[in-house]
Amino acid sequence: MDAHAAGGDAHAAGGGPGPGAAGTGEDVSDTAARAAHELRVVFSRLRRRIREVARDEDLTPPQVSALTLVGKHGAATASALASAEGVRPQSMAATLVALDRHGLIRRSPDPADGRRQLVTLTEAGRARMEGDRQVREEWLARAFQDRCTAEERDTVLRALALLDRLTRPDPGAPRST
């Protein structure tokens with residue numbers, strides 16, 4: 001499916017990058033710049049839609065995000081969570097208080113530094129996070145089933161394999177030590 005079928009030509013609408021677009025070098029083709037722009041826009045929309053699907057009535061988006069973060073990364077301090085979410089420590093502290101009230105997290109002393117507390121998920125927190133993940137994945141699978149042909153789903157799978165290549169280290173790039 002091309003960008004026109006996916007939501008229109010962003011460049012023609014004035015929203016896409018053109019030659020010399022900010023952040024692109026002269027050695028970046030128009031198609032590479034446009035692909036980067038379109039991918040970012042579509043992924044942002046998809047991310048928002050997926051978040052809406054399992055929207056919890058009793059949790060705010062920051063609370064859901066913090067719950068997911070703790071679930072993915074395991075035990076963490078409030079300051080580490082704040083840093084990872086890009087929020088102030090005071091904001092994360094308020095978020096954690098709410099999650100604690102819902103019985104979704106537990107706090108325990110950090111064995112390395114008793115002055116700090118480590119935040120982990122309770123069984124209820126893990127079940128909530130996994131349930132949300134399952135609802136989102138089921139919605140996306142159903143959307144693919146209902147809105148795309150088998151050929152289009154195969155095209156998406158091939159495109160994802162190409163996109164996966166972007167997530168891997170560039171073999172020609174110097175490695176950081």
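**Figure 1. A positive surface patch on a predicted model.** Patches are made of residues with over 30% relative accessible area and no salt bridge, and like charges are joined within 9 Å. The model shown is predicted. Arg45, Arg47, Arg48 and Arg51 form a positive surface patch. One of these, Arg45, is found in helix 1, which covers residues 30-53. Arg45 has a relative accessible area of 43% and is therefore partly exposed.

**Figure 2. A nonpolar surface patch made by Val42, Phe43 and Leu46.** The area of this patch is about 220 Å². Phe43 is found in helix 1. With a relative accessible area of 39%, Phe43 is partly exposed. In soluble globular proteins, nonpolar side chains tend to be buried together.

**Figure 3. The largest nonpolar core, with 17 residues.** Leu81, Leu96 and Leu99 have the most contacts inside this core. Two or more residues each come from helix 2 (61-73), helix 3 (78-85), helix 4 (89-101) and strand 2 (113-121). Helix 2 gives the most to the core, with five residues.

**Figure 4. The secondary structure of the protein.** Six helices and two strands make up the secondary structure. Starting at the N terminus, the order of the elements is α-α-α-α-β-β-α-α. The protein has 177 residues, and buried residues make up 25% of them.

Terms used. Residues numbered from 1 in each chain as written. Predicted model: local features only at pLDDT ≥ 70, side-chain atom pairs only at ≥ 80, totals over all residues. Heavy atoms only, no water. Patch = residues over 30% accessible without salt bridge, like charges linked within 9 Å, V, L, I, M, F, W, Y side chains within 5 Å. Areas by Shrake-Rupley, 256 points an atom, 1.4 Å probe, with all protein chains shown as cover. Salt bridge = Lys/Arg side-chain N within 4 Å of Asp/Glu carboxyl O. Lys, Arg positive; Asp, Glu negative; His and termini not counted. Charge placed at Lys NZ, Arg CZ, Asp CG, Glu CD. Helix = DSSP H or I, 4+ residues; strand = E, 2+ residues; numbered from the N terminus. Buried < 20%, exposed > 50% of the residue type's maximum accessible area, 1.4 Å probe, protein only. Core = buried A, V, L, I, M, F, W, Y, C linked by side-chain atoms within 4.5 Å.
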